[in-house]
Amino acid sequence: MGVPDEIETITAHEPAPPPLQLPTLEEVQAIRDAAQEEGFQQGHGEGYAQGQAEVRRLIAQIEGILDNFSRPLVRLENEVVGALGELSVRIAGALIGRAYEADPSLLAALVNEALETVSGAQREVEVRLHPDDIAAISALLALPEGQRLAPDTSLSRGDLRVHAESVRIDGTLDARLRAALGTVLRRAGATP
């Protein structure tokens, strides 16, 4: 029997494979912990990137909302400034009108100032006033030749208009107060 001898010879010459060595419990735990840490780090990085993208999206959304709120607020602020200016003009006009009625010398001083402004080279100057204002101040004014007071029922108490050869001055309370308000608003940096 020649075959069995050969089998014995072949097996005797080949080195035996090393015995299978299984990892210890500590090594298995270390491999498991390393894999878990690697997975955690990868998940954390991806989650962090997604969170940052979400934060950027929310910031852009909030900025858009704030921008949409601020535009109407700017318009509203301008409307409020305009309404307060209009109210201020009306209140001041009523107060000044009463002051002129109570002390006609204030209106007479205003008429004199208007006449001095335009009378330099002008020959004919007409100051138009409400008829009641003319009655109240005519005794307080000494007008030179070429200057006269003229009644104008379209004007309110305290209003005046000056007409000369080439000059027209709107001295109504409304026009004077609006000019003053415009000056105040320009100095404050607001738009009238």
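The following questions and answers concern the fold of a predicted model.

User: On what basis are residues numbered and which pLDDT limits apply in this predicted model?
Analyst: Residues are numbered from 1 along each chain as its sequence is written, and side-chain values use heavy atoms, with hydrogens and water left out. In this predicted model, totals for chains, interfaces and linings use all residues, whereas local features need pLDDT of at least 70 and side-chain atom pairs count only at pLDDT 80 or more.

User: In what order do the elements of the protein run from the N terminus?
Analyst: Helices (H or I, at least four residues) and strands (E, at least two) are DSSP runs numbered from the N terminus. The protein has 5 helices and 4 strands. From the N terminus on, their order is α-α-α-β-α-β-β-β-α.

User: What is the strand order of the open sheet?
Analyst: Two strands pair if DSSP finds at least two bridges between them. The open sheet holds 4 strands with mixed pairing, in the order E2-E1-E3-E4. Strands E2 (147-151) and E4 (168-170) each pair on one side only, which makes them the edge strands.

User: Which residue in E2 is the bridge partner of Arg128?
Analyst: Strand E1 (residues 125-129) and E2 run parallel and are joined by 5 bridges. Within E2, the partner of Arg128 is Ala150.

User: Which residue in E3 stands opposite Glu126?
Analyst: E1 pairs with strand E3 (residues 160-164) in the antiparallel sense, over 5 bridges. Opposite Glu126 stands His163.

User: How many of the 5 residues of E1 are buried?
Analyst: Buried means under 20% relative accessible area, computed with a 1.4 Å probe on protein chains only. Of the 192 residues of the protein, 21% count as buried. E1 is largely enclosed by the rest of the structure, because its buried residues number 4 of the 5.

User: Why is H2 described as roughly perpendicular to H3?
Analyst: The axes, lines fitted to C-alpha atoms over the stretch in contact, are compared by the angle between N-to-C directions, from 0 to 180 degrees. Helix H2 (residues 25-102) and helix H3 (residues 104-118) have axes that come within 4 Å and cross at roughly 105 degrees. Angles of 65 to 115 degrees count as roughly perpendicular, and therefore H2 is, relative to H3, roughly perpendicular.

User: Which residues in H3 does H2 meet?
Analyst: Contact means heavy atoms within 4.5 Å. From H2, the residues Ala99, Tyr100, Glu101 and Ala102 take part, and they meet, in H3, Pro104, Leu106, Leu107 and Leu110.

Key: Parallel < 35°, antiparallel > 145°, perpendicular 65-115°, else oblique. Buried < 20%, exposed > 50% of the residue type's maximum accessible area, 1.4 Å probe, protein only.
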